[in-house]
Amino acid sequence: MARRLVLITGASSGIGLGFARVYAANGWDVAVTARRADRLNTLCDEVRLRFGVEAYAIPADLSDPATPENLQKSILALGRTVDGLVNNAGYGQPGGFLGNTYDTHRAFMQVMMLSPTELIHRFLPGMVEQAFGRIVNVASLAGYLPASPGDTLYGPIKTYLTRFSQSLHLEVRDRGVHVTALCPGFTISEFHDVTGQRSKLSKAIPQWAQFVWMGADEVAPNKLAAALLKVLPDDWTMELVARHLRNIDR
């Protein structure tokens, strides 16, 4: 029987790269997509050599609304079906809601929310038909916070991904498909480096709490923190967020 295939977005670095290695180590073929073709090709060479699986590099930009359909066509052209999907591509957009153009926000929502939703809608029917599928949506601990001024759309979108994952899982769990939301906290990757936030965030986190930084290969849901955020009153957590952001700006 042919090996199963997982499609991973944002696989050129960080958590997406970690997912590709984990799936390959467990005998899955991998199709990886991101904007940087050179990094994708390097990753594919690595997993073929280390794990003896097939790997496909499909460079693409998820801010383009045509990309989900094009990715589906690329998979079909390979003669493969998608058994697993990891929606990991994402980035931060600091500067506030009014501090960015709407075109900037539109591209952000396309990458972070619309493309993951469309990719699931395109590949889920095949999973249901074969009574097997694995979907992971990389959300964030930020999705449990009631407010986060500055990076205004990030938290609400991550909340959407978490709730969407929960409701979709209930819809398809009896049909062989499992849907999971991964909610990492502060992860050592290029994510915070791109926006120049890592050093500021590290200063804002007390020395005793620096353990919250995790490597991309060992990211797991922050269950304790998520549970606390569910029970704390919104006005408390909003004030905690405000203090946190004031520390960052210093």
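Is Glu69 buried, partly exposed or exposed? Glu69 is partly exposed, with a relative accessible area of 33%; buried means under 20%, exposed over 50%, and partly exposed in between, with a 1.4 Å probe and protein chains only. The model is predicted: local features need pLDDT of at least 70 and side-chain atom pairs count only at pLDDT 80 or more, whereas totals for chains, interfaces and linings use all residues. Residues are numbered from 1 along each chain as its sequence is written, and side-chain values use heavy atoms, with hydrogens and water left out.

**Overall architecture**

- Nine helices and eight strands make up the secondary structure of the chain; helices (H or I, at least four residues) and strands (E, at least two) are DSSP runs, numbered from the N terminus.
- The chain has 250 residues, of which 45% count as buried.
- Among contacts (heavy atoms within 4.5 Å) between residues at least 6 apart in sequence, 71% join residues at least 24 apart.
- The chain exposes about 13000 Å², with 56% supplied by carbon and sulfur atoms; accessible areas come from the Shrake-Rupley method with a 1.4 Å probe, and for residues only the protein chains shown count as cover.

**Cavities**

- The structure holds two cavities of 30 Å³ or more; a cavity is a set of points, on a 1 Å grid over the protein atoms alone, where a 1.4 Å probe fits but cannot get out, and its lining residues have an atom within 4 Å of a point.
- Asn87, Asn88, Ala89, Val111, Met112, Pro116, Val138, Lys158 and Leu161 form the lining of the largest cavity.
- Helices α4 and α5 (154-172) each supply at least two residues of that lining, and α4 gives the largest share, three residues.
- By class, the lining of the largest cavity has six nonpolar, two polar and one charged residues; Ala, Val, Leu, Ile, Met, Phe, Trp, Tyr, Cys and Pro count as nonpolar, Asp, Glu, Lys and Arg as charged, and the others, Gly among them, as polar.
- The second largest cavity is lined by residues including Gln93, Phe97, His105, Asp151 and Tyr154, and its lining divides into four nonpolar, six polar and one charged.

- Glu69 lies in helix α3 (residues 67-77) and, leaving aside neighbours within four places in sequence, is in contact with Glu118 and Arg122.
- Between Glu69 and Ser115 the C-alpha to C-alpha distance is 9.6 Å, at a separation of 46 residues in sequence.
- Thr162, in helix α5, counts as buried because its relative accessibility is 6%.
- Not counting residues up to four places away in sequence, Thr162 touches Ala139, Tyr144, Ala181 and Cys183.

**Backbone at Ala131**

- Ala131 has a positive phi of about 60° although it is not a glycine.
- Most residues other than glycine have a negative phi.
- Ala131 is placed in the loop between α4 (102-130) and β5 (133-138), and counts as partly exposed because its relative accessibility is 47%.

**Cysteines**

- A search of the whole structure finds zero disulfides, a disulfide being a pair of cysteine sulfur atoms within 2.5 Å.
- Cys44 counts as buried at 2% relative accessibility, and Cys183 is buried with a relative accessible area of 5%.

Notes: On a 1 Å grid over the protein atoms alone, a cavity is a set of points where a 1.4 Å probe fits but cannot get out, and a pocket is an open set with protein on both sides within 12 Å along at least five of seven lines; lining residues have an atom within 4 Å of a point. Grid points are joined across faces, edges and corners, and a volume is the space filled by probe spheres set on the points.
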